[in-house]
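The sequence and the structure come first, followed by the description.

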Amino acid sequence: MLNHAEASEKFIEDAERTTWHDETLWFIRSKRDKVSKLLPEWEAFREQASLIKDHTLANLGQFLEEFESNAQKNGIKVHWAKDALEHNEIVHSIILKHGGKALVKSKSMLTEECHLNDYLTKKGVEVVDTDLGERIVQLRNEVPSHIVLPAIHLKKEDVGETFHEFLGTPKGNKDPQFLTEAGRQHLRGFFLGAKVAITGVNFAVAETGEFVVCTNEGNADLGAHLAKVHIACMGIEKILPRRKDLAVFLRLLARSATGQPITNYNSHFRSPSPGKEIHIILVDNGRTAQLARNKFRSSLKCIRCGACMNTCPIYRRSGGFSYNSTVPGPIGSILSPGLDLKKHSSLPFASTLCGSCTDVCPVKINIHEQLYEWRQEVTKTQGDFAKGLSMKLANGIFKSPLAYKISGSLMRNALKSLPNSLIYHPLNIWGKNRNLPDAPKESFQQWYQKNRS
Ligand code: SF4
């Protein structure tokens, strides 16, 4: 598998797209800034959300059991899955029981994490993603490149081409309103025919046994209300203790995600309508392992708003696919190494450590500090020989003023006379996209001694 830097190359090749991607996400980040500043108590909300999540994670087992008991009292069938396979098997067994061959699914990063679509497709079940962005990437046989904006890597021209190919819209039509309407008409038949609908879960409330699904398109509601069976897939960290906690999180989520004061549809599911069924699957899939890692457990506070991606200078310029991970961007880079450190060892390095992600995070996760911690874990377990050697050399030079002086003088002269081919060659990836500045005539110390008067 390509590491992050290698995987970024394909995206960066298209300089125009890279700039446009960068600017689009920065626009959303700026919207988030404006809307959050309209709430004088914004920072107090962030603090409160962080404390609620800390408290919840410290008592996770208790709140999950409280939720299970209240949800069952409400008539919801509760399932537990230790990993992705068990989650997928449970979903499939429910579908088999109801004889469905096709289902509609609204956005759920958990089902992406569990590769549910692939699993069900192999079992002969057609899965239709109903979030417009997700449907676009599904038609293109891609995965979402952003957790809130799955098709943010695509321009309207790309969507026009995709719809022309798969939905038969007129070639060259890239009008967003026309394409959205075409998407709606295309999805309508699937909604009407599906016996089973799958949704994600944004928040589940232990106190009441209800859960909340937030969408801007209303597709989760349409699917869940038309189908006989609603399956909700939830990571165990999505639990909140009390209903009134929602007031904090719903305000933070929409503002942080897209700069909206509130998501268009915040639907509360509490009990099935007569003749219908609601199932909820509580999934671990590595979360309890992360909970046990003191340095990284707060990553489980994440409410998947995507704000850290929109602000990250690396994500904005390298695109979501470069992370090779279901959750890309800064939060993905601290969650994915916990799932498979070897596979995702390059991700903690896909950061400038500028701390912008931490500054915007609505639940105050210290993302950049955890990135730094993961780097140390990677170095401990997979040490890079060349880097280790150069750091030892640098250590020797920096701790001795004489060695520093001599090596500075040597390098200033060497840089003037070294042939370019020694620096810019295929083995030195540093020189691939960078130019060395001209070597100064003298060291700072020499300059200072001459000019101090
Ligand atoms: S880490 Fe924070 S900013 Fe990033 S997606 Fe999660 S909640 Fe949002």
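## Overall make-up

The protein chain holds 22 helices and 10 strands; these are DSSP runs numbered from the N terminus, helices being H or I with at least four residues and strands E with at least two. The model is predicted, with pLDDT of at least 70 required for local features and 80 or more for side-chain atom pairs, while totals for chains, interfaces and linings use all residues. Residues are numbered from 1 along each chain as its sequence is written, and side-chain values use heavy atoms, without hydrogens and water.

## Extent and surface

Along the principal axes, the C-alpha atoms of the protein chain fill a box of roughly 90 × 55 × 45 Å. Of the 453 residues in the protein chain, 51% are buried (under 20% relative accessible area, 1.4 Å probe, protein chains only). The chain exposes about 22800 Å², of which carbon and sulfur atoms supply 56%; the areas come from the Shrake-Rupley method with a 1.4 Å probe.

## Helices α1 and α2

Helix α1 (residues 4-13) and helix α2 (residues 15-37) have axes that come within 5 Å and cross at roughly 100°. That makes α1 roughly perpendicular to α2 (65 to 115 degrees). Phe 11, Ile 12 and Glu 13 of α1 make the contact with Ala 15, Arg 17, Thr 18 and His 21 of α2, contact meaning heavy atoms within 4.5 Å.

## Around the ligand

There are 13 residues around the ligand, and Cys 302, Cys 305, Gly 306, Cys 308 and Cys 361 come nearest; a residue counts as near if one of its heavy atoms lies within 4 Å.

Terms used:
Axes are lines fitted to C-alpha atoms, for helices over the stretch in contact, and angles run from 0 to 180 degrees between N-to-C directions. Angles under 35 degrees count as roughly parallel, over 145 as roughly antiparallel, 65 to 115 as roughly perpendicular and the rest as oblique. Buried means under 20% relative accessible area, exposed over 50%, partly exposed in between (1.4 Å probe, protein chains only).
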